Amino acid sequence: MSKKLSEMSLEELWELFPIVLTEHKSYWKDWFHEERNRLEAILPMNQIVGINHIGSTAVDGIWAKPIVDILVEISKECHMDSIKELLICNGYLCMSESKYKMSFNRGYTENGFAEKVYHLHLRYAGDHDELYFRDYLIRHPNVAKEYEKLKLNLWKLYQHNRDRYTDEKTEFISKYTNEAKKK
């Protein structure tokens with residue numbers, strides 16, 4: 001019998017869920033729209049400020065992990081824990097949380113990735129640097145290709161170390177997020 005995800009060590013999780021990059025797929029936008037519709041049906045929309053497709057799957061033409069990243073911004077008056085409970089009751093796993101941010105996954109199973117995989121980033125309204133970065137890449141295809149090249153180089157180095165893969169991209173992301181904010 002296989003272990004439950006909650007019982008696995010970080011190393012076991014990284015082995016089961018390696019970094020995998022693939023050419024851009026047009027259906028990722030469809031996956032986002034399906035999941036946004038699902039979220040709109042389960043979340044209190046009067047407390048939701050925005051539901052946005054972020055990450056590389058939102059940028060045409062670049063390689064990405066086949067995982068759709070979604071940013072859900074909630075009003076400042078909303079209690080994040082109430083949204084957390086709704087997400088958990090509807091198939092999301094809470095992967096990390098702090099006072100002002102939570103991250104959730106859907107599509108991770110004891111046997112590896114499901115066909116459709118989502119990372120949901122729950123934030124208060126205005127905490128959306130990912131939108132600046134996404135929009136900058138869309139408006140600057142040459143920078144998007146630089147980002148793709150960086151990710152392709154990091155992929156094999158850190159295939160089984162998601163934290164390091166992410167950390168190694170931080171400087172690039174920060175640089176262009178700051179550029180986007182200036183404009």
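A disulfide is a pair of cysteine sulfur atoms within 2.5 Å. Keep that in mind for these exercises on a predicted model, where local features need pLDDT of at least 70, side-chain atom pairs count only at pLDDT 80 or more, and totals for chains, interfaces and linings use all residues. Residues are numbered from 1 along each chain as its sequence is written, and side-chain values use heavy atoms, leaving out hydrogens and water.

**Exercise 1.** Find how many disulfides the rule gives.

*Solution.* Start at Cys 89: the closest cysteine sulfur, in Cys 94, is 13 Å from its own, too far for a bond. By the rule, the count is therefore zero disulfides.

**Exercise 2.** Decide whether Cys 89 is buried or exposed.

*Solution.* Recall the classes: buried is under 20% relative accessible area, exposed is over 50%, and partly exposed is in between (1.4 Å probe, protein chains only). Cys 89 has 65% relative accessibility, so Cys 89 is exposed.

**Exercise 3.** Classify the ring pair of Phe 133 and Phe 172.

*Solution.* First, the rule: rings of Phe, Tyr and Trp (its six-membered ring) pair if their centres lie within 6.5 Å; planes under 30 degrees apart are stacked, over 60 edge-to-face, and the rest tilted. Next, the values: the centres are 6.5 Å apart and the planes stand at 90°, so this pair is edge-to-face.
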